[in-house]
Amino acid sequence: MQRVSKLAAVIAAGLSIATAGVWATGKTESGWVSLFDGKTIGSEWNRVGESNWRVEDGAIVADKLMGEDAAHLVTQNNYKDFQLYVEFWSSDDANSGVFLRCQDPSEITLRSCYEVNIFDQRPDQSYGTGGIVLFAEVNPMPKAAGQWNTFEITAKGRDITVVLNGEKVSQLNNGLFTEGPITLQHAAGAIKFRKVAIKPL
């Protein structure tokens, strides 16, 4: 039994290392591309709006908005069909989100992108955390504050699916926006993004 337990531990450790490698490397055999190396925000992102974006303990962090409007980190590249993996932590009062297929990379709005929301205290909770604002409601709205969470977002043609912590929370069939950059938003409270990786489809 002891020998079996040791073998199981070795296998589990190996799987953990292999999985970590998917997100730690810039590009993997499975086609995933990391958009954050855990050290610097880097050249993959343009800044729109003003916030105190920085890297702390291997995560992109923002907790002080400098202007009146929300701030965004915007990818240099446009993406059409893709899978997106994001690990995030939010404070209870955070207002944040992941924006998809934005039409104007210099002016990010919820009417020119699909916004996958991170906003536990949103007054209209039908479009709170896990919802796609104005397009796909989430009911009941899950709470994300105070813990690390995962978004797995798939966009393929007209179909967009949002999975939060392993559970599908919203789904959309809509062809309004077909391609564009991805953004990470800070609008209020504190937000951290620990891993961001994309796999074009």
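A salt bridge is a side-chain nitrogen of Lys or Arg within 4 Å of a carboxyl oxygen of Asp or Glu. Keep that in mind for this tour of a predicted model.

**Stop 1: Arg101 and Asp81.** Select both residues. Their side chains meet in a salt bridge, N to O, at 3.2 Å. Arg101 sits in the loop between strand 7 and strand 8, and Asp81 in the loop between strand 5 (71–75) and strand 6 (82–90), so the pair ties together parts that are 20 residues apart in sequence. Now check the surface. Arg101 has 1% relative accessibility and counts as buried. Asp81, at 22%, counts as partly exposed.

**Stop 2: strands 7 and 8.** Select residues 95–100, which are strand 7. Find Leu100: its bridge partner in strand 8 is Tyr114.

**Stop 3: the faces of strand 8.** Side chains in a regular strand alternate between the two faces of the sheet. Is each face of strand 8 covered or open? Both are covered. Tyr114, Val116 and Ile118 are buried on one side, Glu115 and Asn117 on the other.

**Stop 4: further salt bridges.** The whole structure has five salt bridges. Select Arg54 and Glu56, whose side chains meet at 2.7 Å, N to O. Arg54 is partly exposed at 24% relative accessibility. Glu56 is partly exposed too, at 37%.

Next, pick Arg122 and Asp124. Their closest N and O atoms are 3.9 Å apart, and they form a salt bridge. Arg122 is buried, with a relative accessible area of 17%. Asp124 is partly exposed at 38%.

Last, select Arg54, Glu56 and Asp63 together. Salt bridges with shared partners join them into one network.

Note on methods. Residues numbered from 1 in each chain as written. Predicted model: local features only at pLDDT ≥ 70, side-chain atom pairs only at ≥ 80, totals over all residues. Heavy atoms only, no water. Buried < 20%, exposed > 50% of the residue type's maximum accessible area, 1.4 Å probe, protein only. Helix = DSSP H or I, 4+ residues; strand = E, 2+ residues; numbered from the N terminus. Pairing = 2+ DSSP bridges.
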